[in-house]
Amino acid sequence: MKRLLTGLIAGVSIMLTASISNATPPDDTFVVGLPTDTIGLEPAQISSRHTANILKHIFGTLFFISESGTLDPNLADSYSVSDDGKEYTFTLRKGLTCHDGEPLTAEDVAYTFNRVVDPDLAFVGNSAGFVFPSIDFKEARADSELDVTIVMGAPNHIALGLISEVYVHCKDSYEKMSKEEAALNPIGSGAYEFVKWDKGSQIVLKKSPGSAVSANFENLIWRVIPEASTRTAELIAQNVDMITNASPDQVDAIDASSTAKVQKVSGTRRMYVGFHQGEKYANTEGGRAIQKSEVRRAIQYSVDVEAICANLLNAPCERATGIVNPNNAHPTLEPYPYKPEVAEYLLDQAGYPRDANGVRFEITLEAGHGRYLNDKNVVLAICQYLDDVGIKTKCDIMDWSSVYVPKIRTKDAGPMFFLGSGGGTWNPLYDMTDLATVESGPNYTEWTNPEWFNGWKVINNSMDPYVIRREIDRMLEVFYNEGPWLLLYFQPDFYGVSNRVNWQERRDEEVDIYNATLK
Amino acid sequence: MLTYILRRLPQTILVIFGVTLITFIALQIGGDPTYLFVSERASPEEIIATRIKLGFDKPLHVQYLNYVLNLIKFDFGDSLYFRQSAMTVILEALPATIELTLFSMCIAVFGAIPFGIFAAINRGKWIDGTLMAIAMLGQSIPNFWLGIMSILYLSLNISWLPISGHVPFLMPILQGNLLEGIKNFPTTCLYLILPSFAVAFYSLSRNARLVRSSMLEVLSQDYVRTARAKGLSEYSVIMKHGMRNAWLPVVTIIGLEFGFMLSGVVVVEVIFAWPGLGRTVFNAIAHRDIPLVQASVVVISILVILINLITDLIYAKLDPRIRLS
């Protein structure tokens with residue numbers, strides 16, 4: 001028994017001296033707490049914002065989308081567009097190097113773009129699945145050591161921004177690696193070099209001495225902490241400097257601590273309730289009703305969006321006046337106010353008076369659970385607001401990934417459905433491309449209004465920014481008056497930030513650590 | 001013994017295939033998972049191409065048959081989410097779960113012994129009442145709540161133990177780096193304390209009650225009275241004569257405990273950011289990563305069956321009256 005006790009005491013002593021249990025990062029290190037790990041470090045296979053945020057510190061892009069939405073030079077310092085609008089030629093800065101020590105030239109850029117569409121590699125991430133089809137990518141070619149040309153099938157007003165989403169990597173290293181090796185060994189030219197990836201735990205980066213992008217911290221660590229309350233605890237203990245996706249119900253706890261605070265920002269994700277306009281629900285009572293634009297407009301007045309934001313999201317929200325983010329939105333349209341009496345009047349006028357039971361018509365609102373901020377309660381609140389104006393609404397909340405996503409993607413959700421769509425700050429057309437054509441994938445409402453869709457012909461056939469902007473505003477007015485969305489809010493994002501550092505959040509869910517500093 | 005093991009083999013194979021069939025059906029209930037593997041702006045043609053590439057265009061019975069035929073060849077398929085071999089993903093996560101489960105098992109088994117013995121030899125006294133009240137509490141408290149509370153009070157408020165994270169011990173050893181594994185061992189143990197306790201507390205409580213009642217029964221036996229009458233010390237009576245028989249029931253349920261703990265570690269691994277197989281399976285289910293879930297289920301089933309087999313063999317060794325038949 002004595003030997004057992006002695007051994008136990010010795011063991012405990014060793015363990016307690018083995019490590020300080022809660023350790024603030026050193027002054028040269030910035031630690032970010034993430035809710036999920038990345039699935040790989042392949043720059044051509046990015047499919048989540050978290051992965052993109054990590055890789056943007058390892059890789060550079062030709063241009064850089066700033067927080068205010070401007071497109072600033074990054075690896076390239078200038079570009080030109082061919083007369084037919086189909087070729088973008090970028091001139092790289094001189095003296096760029098890859099993390100493997102090789103110079104980064106136009107050949108690496110051309111290799112990057114052509115590699116994305118290599119059928120043997122069969123990438124399905126953001127570049128291959130969205131960017132390249134959007135710009136109708138044909139090929140990339142190196143015209144000289146510093147000049148690279150991206151060739152598209154047709155002119156595209158948002159090509160520069162889309163091209164700026166492609167992470168440039170280094171031909172010499174990537175040609176030698178298999179696809180599996182490339183997913184584990186990223187070699188770029190960004191501010192940070194890859195050090196190691198402890199799967200499920202952390203990704204460690206260190207500052208690259210030869211990078212064209214400056215950064216203040218020597219080391220950057222991305223720690224995977226899936227549970228929100230654990231992330232909060234690590235932040236309050238100052239073991240991490242910043243956490244993404246801070247839970248709204250923990251905002252007060254973080255702010256009450258003396259070691260951290262929450263930085264809230266109105267994001268670019270457009271939250272809306274879609275009105276299905278297709279055949280599928282046209283013969284149902286509610287589906288028939290929302291085919292009328294007067295009914296859709298009435299519903300805009302029936303939901304108190306400000307109250308939803310204040311009480312369920314624990315943050316004031318930026319209201320939506322349309323499909324476009326506020327900095328690029330229509331200059332004069334105002335968000336629909338909460339006026340249930342106006343909603344009731346408009347519904348009466350639209351031919352839907354209350355019956356003896358006080359019901360105008362019945363409808364179902366479908367939603368997925370667990371994807372967006374407090375989504376279940378937001379949807380329940382919307383259902384209640386609709387009930388209050390006589391629209392008897394059945395809330396059908398289902399599992400997000402296994403049930404709701406397939407319904408949405410096959411355009412079967414409805415007659416009303418709750419959804420969010422990511423947006424951007426750099427061009428209104430980027431947000432509007434959700435409804436670029438009637439057949440567009442994200443046109444989940446199957447809206448076909450010709451006043452909207454014919455506007456694209458004007459935009460695509462013009463190079464005059466004034467004409468384009470005028471047409472955008474006209475289309476946004478159509479969307480405001482007759483659109484297929486109940487306009488809600490831009491989802492706020494919550495970042496927990498340690499009092500140890502200064503860090504500036506962005507609206508577009510991108511995370512930049514370059515300019516973070518110690519206080 | 002070898003005959004016994006060989007006789008268990010057919011039922012092991014049956015169990016594994018039964019488990020894969022149930023898992024396959026359960027995962028298919030949610031419908032076509034193709035949409036989770038394409039971007040939201042993918043065209044209909046891309047969706048169709050992805051569905052064909054992932055094999056979801058085939059009839060369900062064909063999909064299952066292909067899976068079984070590959071399983072026979074020890075081909076567990078590729079993870080749809082990680083886009084690499086499912087077995088690679090599992091083998092990367094498994095050592096962390098083994099660390100957590102073994103540490104938890106040690107707490108649950110070896111912690112229960114003194115717990116139960118003290119309660120038994122102080123039967124009716126306040127120590128017994130207190131220990132059994134704690135045991136009842138342990139069987140009532142959910143492990144996720146215990147985990148979060150322990151973080152709040154033991155890590156955040158008084159900074160005794162780390163909040164979350166993992167320092168690998170087994171993985172470096174398996175990769176051939178013995179020195180690094182040994183160097184990491186004390187820190188690994190530090191990080192293991194809270195999550196292991198959260199996993200093990202329920203089992204420890206149950207085992208303690210089992211040891212207590214078993215010990216009470218044993219201590220009332222004639223041979224124990226004889227041992228005392230011979231003048232043996234109380235320590236010898238309890239530890240050498242009583243304990244050997246009292247903890248047979250505990251050994252019996254170790255196999256069941258292991259399976260129970262493997263299910264319990266899922267939530268605890270998420271709370272403590274422990275990069276183990278439980279968390280991997282949890283994410284795989286959420287992402288409808290069917291090959292990874294199925295491969296994980298096979299691996300976990302094999303582990304549970306193996307532990308149960310070892311338990312049976314140990315039991316036979318401990319109790320000569322038991323024959324492996």
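Reader: In β9(A), what is the bridge partner of Asp198(A)?

Author: Gln202(A) is the partner of Asp198(A). This is a predicted model, in which local features need pLDDT of at least 70 and side-chain atom pairs count only at pLDDT 80 or more, while totals for chains, interfaces and linings use all residues. Residues are numbered from 1 along each chain as its sequence is written, with chains lettered from A and ligands numbered from 1 in the order in which they are written.

Reader: How many bridges join β8 and β9 of chain A?

Author: Six bridges join β8 (192-198) to β9 (202-207) of chain A, and the two run antiparallel. Strands are DSSP runs of E with at least two residues, helices are runs of H or I with at least four, and both are numbered from the N terminus. Two strands pair if DSSP finds at least two bridges between them.

Reader: And what is in the turn between β8(A) and β9(A)?

Author: The two strands form a hairpin with three residues between them. Gly200(A) sits in that turn with a positive phi of about 85°.

Reader: Which strand does β9(A) pair with over five bridges?

Author: That is β10 (residues 219-224) of chain A, again in the antiparallel sense. Ile203(A) stands opposite Trp222(A) there.

Reader: Now the four-stranded sheet. What order do its strands have?

Author: The order is β4-β5-β7-β6 in chain A, with antiparallel pairing in an open sheet. β4 (76-81) and β6 (137-142) are the edge strands, each pairing on one side only. From one strand to the next the twist averages 20°; axes are lines fitted to C-alpha atoms, for helices over the stretch in contact, and angles run from 0 to 180 degrees between N-to-C directions.

Reader: What stands opposite Tyr79(A)?

Author: Phe90(A), in β5(A). Five bridges hold the antiparallel pairing of β4(A) with β5 (residues 87-92) of chain A.

Reader: Which helix lies across β5, β6 and β7 of chain A?

Author: Helix α3 (residues 106-116) of chain A, running at about 160° to β6(A).

Reader: Switching to the core. Which residues touch the most other members?

Author: The largest nonpolar core has 206 residues, and those that touch the most other members include Val109(A), Val273(A), Phe417(A) and Leu488(A). A nonpolar core is a set of buried Ala, Val, Leu, Ile, Met, Phe, Trp, Tyr and Cys residues joined through C-beta atoms within 7 Å. A residue is buried if 20 or more other C-beta atoms lie within 10 Å of its own, exposed if 12 or fewer, and partly exposed in between, with C-beta atoms placed from the backbone.

Reader: Which helix gives the most to this core?

Author: Helix α9 (residues 178-219) of chain B, with 15 residues. Domain 1 (13-72) and domain 2 (87-324) of chain B both give residues to the core, so it lies between them. Those domain bounds come from an automatic or database domain assignment.

Reader: How many residues of domain 1 are in contact with domain 2 in chain B?

Author: Eleven, and they meet ten residues of domain 2. Two residues are in contact if their C-beta atoms, placed from the backbone, lie within 7 Å. Helix α1 (residues 2-28) of chain B gives the most to the domain 1 side, with seven residues. The centres of the two domains, taken over C-alpha atoms, are 36 Å apart.

Reader: How many residues does each chain give to the contact between A and B?

Author: Chain A gives 37 residues and chain B gives 46. On the chain A side, the largest share comes from α15(A), with six residues. That side divides into 17 nonpolar, 15 polar and five charged residues. Ala, Val, Leu, Ile, Met, Phe, Trp, Tyr, Cys and Pro count as nonpolar, Asp, Glu, Lys and Arg as charged, and the others, Gly among them, as polar.

Reader: How many helices and strands does chain B have?

Author: Chain B has 14 helices and zero strands. Of its 325 residues, 39% are buried. The C-alpha atoms of chain B fill a box of roughly 85 × 55 × 40 Å along the principal axes.

Reader: How many residues of α10(B) are buried?

Author: Zero of the eight residues in α10 (222-229) of chain B, so to speak hardly covered. Gly231(B) follows α10(B), with a positive phi near 95°.
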